[in-house]
Amino acid sequence: MCAGLQLPLQDFPTPKTELVQKFQVLYLGMSPVARPLGMDTLNGAIDRLRSSSSRDGWTPVALNVADATVTVSKGQAEEEVLVECRVRFLTFMGVGHDVHTFAFIMDTGGHRFDCHVFWCEPNAGSVSEAVQAACMLRYQKCLVARPLSQKACSPTPHSDSVSRRVSASVKRSVLSLIGTLKQKRPELPE
């Protein structure tokens, strides 16, 4: 070894961390739903949960949106996880009739779907955009991860229908959000 050799100081490589967007919202709860998508399904669950409890009964939570997961945590240090949904199992999301309400439907397996509902201040726009971005990123990752042999041939009817359904679902959610934010003024719960 050479005693006079100086090596440059380098940082030890660290794993890439995913961006997490955090929102302080009120959790109205979860309602089982019969279908995995549709604004009528979403609004029905929102209406059921809003009518079954008052604002005082809603739980203050942190809604954390990452590339791969949506997590709902309770407590100052977010130590109690109430809901953890992998983005790949999120089947539909949107802003309700009231611009403060946001909900998503999660596939829990066995043809069971749960709708989780939130109250957001000043409105649900930023939460909806964050969850939508996570869904779009997940979809892009799925497309990139497809083997080259599948990319070269035309898509199968199943994957074509899945991509059409995802695209249509995202488009409906965005149009619904834009229309709701343009037309409605905030309503305060009683």
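User: Among contacts in the protein between residues at least 6 apart in sequence, what percentage join residues at least 24 apart?

Analyst: The model is predicted, and its contacts are computed from that model. Contacts between residues at least 6 apart in sequence form the set considered here. Within that set, the share joining residues at least 24 apart is 61%.

User: Which pattern does the protein follow, read along the sequence?

Analyst: The protein has 4 helices and 7 strands. Read along the sequence, these elements give the pattern β-α-β-β-β-β-β-β-α-α-α.

User: Is Thr41 buried or exposed?

Analyst: Thr41 belongs to helix α1, which covers residues 39–52. Leaving aside neighbours within four places in sequence, Thr41 is in contact with Val33, Arg35 and Ile105. Its relative accessibility is 11% and the cut-off for buried is under 20%, so Thr41 counts as buried.

User: Is Lys74 buried, exposed or partly exposed?

Analyst: Lys74 is located in strand β3, residues 69–74. Beyond its neighbours within four places in sequence, Lys74 is in contact with Thr59, Pro60, Glu79, Glu80 and Leu82. Its relative accessible area is 33%, while buried requires under 20% and exposed over 50%; Lys74 is therefore partly exposed.

User: What distance separates the C-alpha atoms of Lys74 and Leu63?

Analyst: Lys74 and Leu63 are 11 residues apart along the chain. The separation of their C-alpha atoms is 9.1 Å.

User: Where is His111, and is it buried or exposed?

Analyst: His111 lies in the loop between β6 (101–109) and β7. Although His111 is not a glycine, it has a positive phi of about 60°. Its relative accessible area is 75% and the cut-off for exposed is over 50%, so His111 is exposed.

User: How many Å does α2 reach from its first C-alpha to its last?

Analyst: Helix α2 has 21 residues. At 1.5 Å a residue, the expected span is 30 Å. The reach of α2 in the model is close to that expectation, at 30 Å.

User: Which residues of α2 are buried?

Analyst: An α-helix has 3.6 residues a turn, so residues three or four places apart point the same way. In α2, the buried residues are Gly125, Val127, Ser128, Ala130, Val131, Gln132, Ala134 and Cys135.

Terms used:
Residues numbered from 1 in each chain as written. Predicted model: local features only at pLDDT ≥ 70, side-chain atom pairs only at ≥ 80, totals over all residues. Heavy atoms only, no water. Helix = DSSP H or I, 4+ residues; strand = E, 2+ residues; numbered from the N terminus. Buried < 20%, exposed > 50% of the residue type's maximum accessible area, 1.4 Å probe, protein only. Contact = heavy atoms within 4.5 Å. Expected span 1.5 Å × (residues − 1).
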